[in-house]
Every structure is written in C-alpha cells, then in structure tokens.
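Here is a short briefing on one protein model. Look over the fold before reading the points below.

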Amino acid sequence: MKAWIGWLVLPCALTGLLALSPAQTSSSGAKRPPNFVFIQAEAQGPSSISVDMDGDPSSPSRPAGPTPNLERMAAEGMRFSDFYATCPRCTPSRASFVTGISPAKLHMTYQNEGGASRREGGGKGGGKGKEGGDAGDEDSRYRLMRMIPPTIEPDLPTGVRTSGGMLHDLGYGTAHFGKWHAGRAEPSKVGFDRCDGSNGNQGLDHDGQPNPKQATEITDKGIAFMREQVKAGKPFMVQISHYGFGSEQEATPEALA
C-alpha cells in the first residue's frame, strides 16, 4: 500500500496511520478505485516510531530503526504532522475517526473522570458516590470542577453514517478488527461488513489485559480480509485498531529481537 500516508497524534496517546493504495487502470482502461487501510496503534506517540514526524530539523527523541516498514511507507508517500485531536479521550476520538463528525456534535464528549461509570450506566452513571450520593449526580466527582457536565451519548447516534457504511454503498468490502470503543454497538451494526465485536479496553476475549498474541491475531485478520477482497476483485477499506501495551515485558521475544 503506498501513495498516501497520514498520521494523527492525539493527547490520549493514540497514533493513527492511513495508507491509501493508488488507483490502478484495469485491462479495459477504466481506473479501479483505491483501497483504504487505517491502522491505529494505541499508547504510542511520535517518539515511539522511527518515522520523523516533526519535519526539519528532525526530532531528537525519535528512535532509530524499530519500524522499518513505516519508514518505507512514509518515504513512498506523504506525512501530515499538524493534525489536531477532536477530543483528548479515546471514545470521542474514535467516533470522529469513523464519522468525520466532531464529538461535540455527536454528544459523545467524555471529558471527565466519571466517563467510565456514565458509559456503564447508559449515560446516567451508576453506584454510589464517595459521600453516599448517587454517582449519577456526580456530586463527589465534580466538587472541584465548577461545571455542570453535559448530557452525553454512550453510542453513535442513530442514522449517523460511518466510513465503513459510506464505502460499502460505493461497492467496497469494509471491515474493522481490534479495539472498537466507539460505542457499544458492533461495527457490523453501523456499516462495516466484517468485524470481531464491539471490543473495548479489555481486548478480544474480554478477559484481562490485551497481549501480543492479540496484536498478531488482529493483523492476521486484516491481512486475510484484504487478500479475500483482492481475490474477489473488490475494492476494500479495513480499519485495524491495536491495543496499547504497558511495558517491554509484555512484548514477544521475536518482537524484541
């Protein structure tokens, strides 16, 4: 995949990579539509990869050598290093990625530490606050914030179109694999042909923390989907969203080598 590469570096430590393969001319002379591959790598920033995202002069914090494939893609394409995050949290940013709409307009603005309980309670909160009040009132959480928290939507609003849905309508095969976290409805319910569930922070098996094996499985699913679409002669869009890792100890020996 080459000809276009884009990076988004977000305050929530999420790095995205969009690769657009060039349109090609078929034997009949008609141009075939391009394919889209959107890769998200959580808990990584510009200093986690060996592609210089700061321009000239080069970044002194950039490591040398760990991501040669991304270096090659960047050399063959373009870098966009001046993106701005739509929201400094995970879910709102991901909702923006797949809709092109700001979190404020979607009413998916988890800008507070009570976001987890509000999502679990369908946007109303749940359980008891520290001082015995209902956590839905957020009395203990918001004592120092001096603000009235807005009403939030825990899911993508009904009728909002996604990148998967729009490209599906244009004849593309579309898929999402890995961490979804843009609402509780599965990607297949909002326009993607293929997915592996409405996965949140816990990973594909919803048991414990994500691990390197899951990263490999997510990648393999994306590659298999792309090969399937190519074999069928169909343009495709695939979003591969990896989970973050906490330390080098969680990496595989092969990756460290």
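Which exposed residues sit on the face of H1 turned away from its buried side? They are Asn-69 and Ala-75. The model is a predicted one. The protein has 257 residues, and 40% of them count as buried. Its secondary structure comes to 7 helices and 8 strands.

**Overall figures**

- The accessible surface of the protein is about 14,200 Å². Carbon and sulfur atoms hold 52% of that surface.
- Take the contacts in the protein with a separation of 6 or more: 56% of them link residues 24 or more positions apart.
- The count of disulfides is 0.
- Cys-87 is buried, at a relative accessible area of 2%. Cys-90 is buried as well, at 18%.

**Helix H1**

- H1 spans residues 68-76, and its buried residues are Leu-70, Met-73 and Ala-74.
- These three lie on the same side of H1, because they cover an arc of only 100° around the axis.
- An α-helix has 3.6 residues a turn, so residues three or four places apart point the same way.
- The face turned away from the buried side of H1 carries Asn-69 and Ala-75, both exposed.

**Nonpolar cores**

- The largest nonpolar core has 12 residues. Among them are Leu-106, Leu-156, Trp-180, Val-190 and Met-237.
- Another core, of 11 residues, lies apart from the largest one. Its members include Leu-204, Phe-225, Val-238 and Tyr-243.
- In soluble globular proteins, nonpolar side chains tend to be buried together.
- Met-237 touches Leu-167, Tyr-172 and Phe-192, among others, not counting residues up to four places away in sequence. Leu-167, Tyr-172 and Phe-192 also belong to the largest core.
- The contacts of Met-237 also include Phe-36, Ser-163 and Phe-225. Phe-225 is one of the residues of the 11-residue core.

**Strand S8**

- S8 is largely enclosed by the rest of the structure, because 7 of its 7 residues are buried.
- Both faces of S8 are covered. One side has Phe-236, Val-238, Ile-240 and His-242, all buried. The other has Met-237, Gln-239 and Ser-241, again all buried.
- In a regular strand the side chains alternate between the two faces of the sheet.
- Strand S5 (residues 36-42) runs parallel to S8, joined by 6 bridges. Val-37 stands opposite Val-238 in S8.
- S6 also runs parallel to S8 (residues 236-242), and 6 bridges join the two.

**Strand S6**

- S6 covers residues 173-178 and is mostly covered, with 6 of its 6 residues buried.
- Phe-177 has Ile-240 in S8 as its bridge partner. Gly-178 has Ser-241 in S8 as its bridge partner.
- S6 also pairs with strand S7 (residues 194-195), in the parallel sense and over 2 bridges. His-176 has Cys-195 in S7 as its bridge partner.

**Positive phi in the loops**

- Most residues other than glycine have a negative phi, and most peptide bonds are trans.
- His-107 is not a glycine, yet it has a positive phi of about 60°. Its place is in the loop between helix H3 (103-106) and helix H4 (115-120).
- His-107 is partly exposed, at a relative accessible area of 45%.
- His-181 is not a glycine either, and has a positive phi of about 55°. The loop between S6 and S7 holds His-181.
- His-181 is buried because its relative accessible area of 14% falls under the 20% cut-off.
- Neighbours within four places aside, His-181 contacts Cys-90, Thr-91, Arg-94, Asn-199, Gly-200 and Asn-201. Cys-90 is itself buried.

**Gln-202**

- Gln-202 lies in the loop between S7 and helix H6 (212-231).
- Gln-202 is partly exposed, at a relative accessible area of 40%.
- Gln-202 and Lys-179 are 23 residues apart in sequence. In space, C-alpha to C-alpha, Gln-202 and Lys-179 are 8.7 Å apart.

Notes. Residues numbered from 1 in each chain as written. Predicted model: local features only at pLDDT ≥ 70, side-chain atom pairs only at ≥ 80, totals over all residues. Heavy atoms only, no water. Core = buried A, V, L, I, M, F, W, Y, C linked by side-chain atoms within 4.5 Å. Buried < 20%, exposed > 50% of the residue type's maximum accessible area, 1.4 Å probe, protein only. Contact = heavy atoms within 4.5 Å. Helix = DSSP H or I, 4+ residues; strand = E, 2+ residues; numbered from the N terminus. Arc of directions from axis to C-beta. Pairing = 2+ DSSP bridges. Disulfide = S-S within 2.5 Å. Areas by Shrake-Rupley, 256 points an atom, 1.4 Å probe, with all protein chains shown as cover.
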